[in-house]
Amino acid sequence: MVNTLAPGTTGRTDSPRIARPAGEGRDRTRRERRRRTAVAYLFLAPALLFFAVFLLLPLGFALLLSTSRWAGFDLGGIEPVGLDNFAALFADGSTFLVPVLTNTLLFALGTVVLALAGSLLVATCLDRLRFQGLWRTLYFLPIVTTVVAVGNVWKYMYEPGGLVNGVLNACGLGSVAFLQDPDTALPSVVVVQAWASVGTAILVLTAGLKSVPVSYYEAAALDGAGPGTVLRRITLPLLRPSLLFVCVTQFLTGLQSFALISVMTRGGPGDATDVAALEMYRQAFSYGDWGTASAAAFVLFGVVLAVTLAQLWFFRRTGEDA
């Protein structure tokens, strides 16, 4: 059969393409992008509304109150006073800087030190034991227990006839007025806060220890490195991200602590355990001074921000890009 098609043809007739202006394609792309953006914001609308109502609106109202004098309830009674509330916090005779803010920093620092040291020790020991899941669960139990229950149990344990003094008496030591003595009240509450929060730190550090290659420890053992050298040269440097997370979260929790101190000491004896969150609660709900309470809240926010940035800077300087 003779092929009658001209060379270079395929026997298929292509329909002519319609040339469209370049701008039309860009406009269609923009419309499609706008449509997708609108749909995305539609799905995000409930979360954004929740965020605006329960975070942005209270934040703006607190900022307004920090520069005003208000006794509560009647919005028409808000009286602008400028920065007088902030000036009053640091004026001569004010107890906010000393002892309230000082107690807050000491409480947070003590909690971080005890929780970090205890969790690192326990996590290192758990990494060498069997049934690690069981032990991690037992140490995590205080986290799921309500703060009120923890505070009340420890409050009774600290009583003169409680368990702690009973153990001291059995060891031949005298009783200690843990929560009644201004010198021991704050350290006693710090111990409880560290004990109650050590479970989370153990989980984080245990996960960090699992990520350390075993070959590093084997090489150190072959070189004759002791436990202290291994801890200082291998474990701690490789645990730096986990340690950073634990330090930041524990410090933030300590700076904002309220419920435990309210249950155990209510800020006493005297003002030995009075912290910023408890003082803000008193100013607002006991004294009706919402302006001073809001100003104290923003000062505490500045302290929290400064401490967090300082921790991030320190860990960067030591080699970890946080």
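Ile-261 is buried in this predicted model, with a relative accessible area of 0%, a value that falls under the 20% cut-off for burial. The residue belongs to helix 11, which covers residues 259-264, and, leaving out residues up to four places away in sequence, Ile-261 touches Phe-107, Val-189, Arg-266, Gly-267, Thr-273, Val-275 and Leu-278. Between the C-alpha atoms of Ile-261 and Leu-186 the distance is 9.0 Å, although 75 residues separate the two in sequence.

**Overall form**

- The secondary structure of the chain consists of 13 helices and 2 strands.
- The radius of gyration of the chain is 31 Å, whereas the globule rule gives 20 Å for 322 residues, so the chain is more spread out than a compact globule.
- Taken along the principal axes, the box filled by the C-alpha atoms is roughly 120 × 75 × 35 Å.
- Buried residues make up 34% of the 322 residues of the chain, and, among contacts between residues at least 6 apart in sequence, 64% join residues at least 24 apart.

**Nonpolar cores**

- The largest nonpolar core has 32 residues, of which Leu-89, Phe-96, Leu-205, Leu-243, Val-246 and Phe-251 touch the most other members.
- Two or more residues of this core come from each of helix 3, helix 7, helix 10 (240-255), helix 12 (276-286) and helix 13 (290-317).
- Phe-96, when its neighbours within four places in sequence are set aside, is in contact with Leu-89, Phe-90, Leu-101, Ala-296 and Val-299.
- Another core, of 18 residues, lies apart from the largest one and has Phe-107, Tyr-158, Val-189 and Ala-196 among its members; of these, Phe-107 and Val-189 are also touched by Ile-261.

**The largest pocket**

- The volume of the largest pocket is about 370 Å³, and its lining is made up of 14 residues, with Thr-124, Arg-128, Tyr-217, Val-230 and Thr-235 lying nearest the centre.
- Helix 3 (96-126), helix 7 (182-210), helix 8 (214-222) and helix 9 (227-238) each contribute at least two residues to the lining, and helix 9 gives the most, with 4 residues.
- Sorted by class, the lining of this pocket holds 9 nonpolar, 2 polar and 3 charged residues.

**Backbone geometry**

- A cis peptide bond, with omega near 10°, leads from Val-98 to Pro-99, and Pro-99 lies in helix 3.
- The peptide bond from Gly-268 to Pro-269 is likewise cis, with omega near -5°, and Pro-269 sits in the loop between helix 11 and helix 12.
- Arg-266, which is found in the loop between helix 11 and helix 12, has a positive phi near 55° although it is a residue other than glycine; at 61% relative accessibility, Arg-266 counts as exposed, because the cut-off for exposure is over 50%.
- Phe-73 also has a positive phi, near 75°, in a residue other than glycine; its place is in the loop between strand 1 (68-69) and strand 2 (79-80), where Phe-73 is exposed with a relative accessible area of 85%.

**A partly exposed leucine**

- Leu-63, a residue of helix 1 (residues 22-66), counts as partly exposed at 49% relative accessibility.
- The C-alpha atoms of Leu-63 and Gly-291 are separated by 9.2 Å, while along the chain the two residues are 228 residues apart.

Terms used:
Residues are numbered from 1 along each chain as its sequence is written. This is a predicted model: local features need pLDDT of at least 70, side-chain atom pairs count only at pLDDT 80 or more; totals for chains, interfaces and linings use all residues. Side-chain values use heavy atoms; hydrogens and water are left out. On a 1 Å grid over the protein atoms alone, a cavity is a set of points where a 1.4 Å probe fits but cannot get out, and a pocket is an open set with protein on both sides within 12 Å along at least five of seven lines; lining residues have an atom within 4 Å of a point. Grid points are joined across faces, edges and corners, and a volume is the space filled by probe spheres set on the points. Ala, Val, Leu, Ile, Met, Phe, Trp, Tyr, Cys and Pro count as nonpolar, Asp, Glu, Lys and Arg as charged, and the others, Gly among them, as polar. A nonpolar core is a set of buried Ala, Val, Leu, Ile, Met, Phe, Trp, Tyr and Cys residues joined through side-chain atoms within 4.5 Å. Buried means under 20% relative accessible area, exposed over 50%, partly exposed in between (1.4 Å probe, protein chains only). Contact means heavy atoms within 4.5 Å. The radius of gyration is taken over C-alpha atoms; the globule rule is 2.2 Å times the number of residues to the power 0.38.
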